[in-house]
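Morning, everyone. Please look at the screen while I talk.

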Amino acid sequence: MLSFTVNGQQQQTDVDPATPILWVLREQFGLNGTKFGCGVAQCGACTVHLGGTPIRSCSVPISAAAGQEITTIEAMAGPDDQLHPLQQAWIDEQVPQCGYCQSGQLMSAMALLNSNPSPDDSAISAAMRGNVCRCGTYPRIRRAIHRAAKAMASQAAESTTEQTG
C-alpha cells in the first residue's frame with residue numbers, strides 16, 4: 001500500500017508500484033484535469049507537481065510519490081473557487097485554443113512563478129521548454145505569465161500592507 005498526499009488530502013493506493021502517476025490520478029481519484037499526451041514525457045500535457053517540482057506524470061511511477069505531495073491542476077484555484085492569478089491571466093490573454101495542453105502549461109508556469117516570482121522572457125522560455133502547444137500559443141503564454149507575475153506581486157504587496165496596517 002502506497003501513501004501520499006494529493007492536493008492536500010492523504011491518499012493510499014494498492015496498484016502496481018510501476019503504474020504511472022497519471023493513471024492513478026485519473027482512474028483512482030477521478031482527477032481528469034491532467035491529460036495524457038505523448039506517453040513518453042516529451043509533450044508536458046501530463047505535468048503535475050511532485051514535492052513542488054513539475055514532473056511528467058505519464059512516465060513517473062506512483063512508487064516515486066510515496067510519502068510526498070502531488071499537486072494537480074484541480075488544486076490551482078482557491079478553496080472558494082477564486083481563480084489563481086495564472087488562470088485569470090490565461091483567460092485575459094486568451095491563451096487556450098484547443099486547450100489540450102493547458103493544464104500542463106499552467107502547472108509548469110506555476111512551478112516557475114513559485115521559484116522565480118519575476119521571470120524574464122529567457123527564464124520563461126527555459127521553464128516552459130518542455131511543454132508543447134500544437135496551436136502555437138507561446139507568445140500568449142509568455143504574456144500571461146508576465147501578467148500573472150505582476151498580479152501575484154500586487155497581491156503580496158496588498159497582503160503585506162494589510163498585515164502591517
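Which residues in α2 meet which residues in α5? From α2, they are Pro85, Leu86, Ala89, Trp90 and Asp92. From α5, they are Ile141, Ala144, Ile145, Arg147, Ala148, Ala151, Met152 and Gln155. Contact means heavy atoms within 4.5 Å. The residues of this contact divide into 10 nonpolar, one polar and two charged.

A word on sources. This is a predicted model, where local features need pLDDT of at least 70 and side-chain atom pairs count only at pLDDT 80 or more, while totals for chains, interfaces and linings use all residues. Residues are numbered from 1 along each chain as its sequence is written, and side-chain values use heavy atoms, with hydrogens and water left out.

Now the geometry. Helix α2 covers residues 85-92, and helix α5 covers residues 138-164. Their axes come within 8 Å and cross at roughly 135°.

Next, the rings. The whole structure holds two aromatic pairs (ring centres within 6.5 Å). Phe4 and Phe29 have ring centres 6.1 Å apart and planes at 80°, so this pair is edge-to-face (over 60 degrees). Phe4 sits in strand β1 and Phe29 in helix α1, 25 residues apart. Buried or partly exposed? Phe4 is buried at 1% relative accessibility (under 20%). Phe29 is partly exposed at 21% (between 20% and 50%).

Trp23 is partly exposed at 29%, and Phe36 is partly exposed at 34%.

Note on methods
Axes fitted to C-alpha atoms, helices over the stretch in contact; angles between N-to-C directions. Helix = DSSP H or I, 4+ residues; strand = E, 2+ residues; numbered from the N terminus. Nonpolar A, V, L, I, M, F, W, Y, C, P; charged D, E, K, R; others polar. Phe/Tyr/Trp six-rings, centres within 6.5 Å; stacked < 30°, edge-to-face > 60°. Buried < 20%, exposed > 50% of the residue type's maximum accessible area, 1.4 Å probe, protein only.
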